[in-house]
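Here's a quick tour of the charged side-chain contacts in this model. Have a look at the fold, then read on.

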Amino acid sequence: MAALTGKVAVVTGASRGIGKGIAVALGAEGAAVYVTGRTVTPGTHELPGTVGETAQEVDRRGGTGVAVHVDHADDSQVVALFDQIQCEQGRLDILVNNAFALPEDLTEPGPFWEKPLSHWGMVDVGVRSNYVAARNAAKMMVPQQSGLIVAISGYAAVTYTYGVIFGMCKTAVDRMARDMAVELEAYHVASLSLWQGLTFTERAQRNLQRSPDMKKQTVTDPAVGCSPEFPGRVIAALAADPDLMARSGGSFVAAEVARDYGITDIDGKVIPSLRGERGEPIWHPIEQACHGQ
């Protein structure tokens, strides 16, 4: 039996990219995965991928994929999503907060005062949306006395990357995950953030082709990159770990958690940690930190 058979998961922002990879990896372990995103019709986004296509791939890999059109900037759509899960499944075991409003010009150089104010959308869908989804998930997880909420973060939480707002968002979700862990601990629900480095998403591969000089930078050096499924493999292992609560409240480098569980990428590659080059997480599990009190 697969490790997550009988478990129900939500992966936000999973039409493509990291979200798609995580959804597929959880499906490969037998989970029922609710795939959310805004793209439902092929060809309507400049990058390939729809929620339906991701759900189909989840099915193909052995799980059960459920595609749900959700704009995570709209709270009412998020509430409807969790109402649907409650009605159809009666439980929720895993929430992966991955949805993020990445601007097309994110990697373009320039100071914050010259970049468009619309970049603040990363806060709306990337920070606030995490809170709204987690709030709704907790209402299901707390009564069942179990669950895992994961925020997808990165080295940008402590190291300047691309711009002011991007880094601020990653720092914010780390702290949010930690404080949620404090309030969820009594109910045996875990909350943590997972740091991803370069991931070979459709967008990343396109950007590397357009701007070959990016390959010379530590943050976008292909030698340290991983597939979109890699973080999903890590999350699947976390969700199946009977000692999961010992990690609640911490921020973790995905490559380091993978090492702990003996996980490699889909091609067998061992993904390196960039702790030494890019910085280390601030937050440790609340079990180790006396709840920060």
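Let's start with Arg 206: at 12% relative accessibility, this residue counts as buried, because the cut-off for buried is under 20%. Keep in mind that the model is predicted.

What does Arg 206 form a salt bridge with? The partner is Glu 104, with the closest N and O atoms 3.0 Å apart. This pair ties together distant parts of the chain, as Arg 206 sits in helix 6 and Glu 104 in the loop between strand 4 and helix 4, 102 residues apart.

Glu 104 also meets the side chain of Arg 203 in a salt bridge, at 3.0 Å from N to O. Here too distant parts of the chain are linked: Arg 203 belongs to helix 6 (residues 202–210) and lies 99 residues from Glu 104. Arg 203 is buried, with a relative accessible area of 18%, while Glu 104 is partly exposed at 42%.

Now for another pair, Glu 256 and Arg 275, whose side chains meet in a salt bridge. Glu 256 is in helix 8 (residues 254–261) and Arg 275 in helix 9 (residues 275–278), 19 residues apart. Glu 256 is buried at 13% relative accessible area, whereas Arg 275 is partly exposed at 32%.

Here are the pairs side by side:

| Salt bridge | N to O distance |
|---|---|
| Glu 104 and Arg 203 | 3.0 Å |
| Arg 206 and Glu 104 | 3.0 Å |
| Glu 256 and Arg 275 | 2.7 Å |

Across the whole structure, a search finds 11 salt bridges.

Notes:
Residues are numbered from 1 along each chain as its sequence is written. This is a predicted model: local features need pLDDT of at least 70, side-chain atom pairs count only at pLDDT 80 or more; totals for chains, interfaces and linings use all residues. Side-chain values use heavy atoms; hydrogens and water are left out. A salt bridge is a side-chain nitrogen of Lys or Arg within 4 Å of a carboxyl oxygen of Asp or Glu. Helices (H or I, at least four residues) and strands (E, at least two) are DSSP runs, numbered from the N terminus. Buried means under 20% relative accessible area, exposed over 50%, partly exposed in between (1.4 Å probe, protein chains only).
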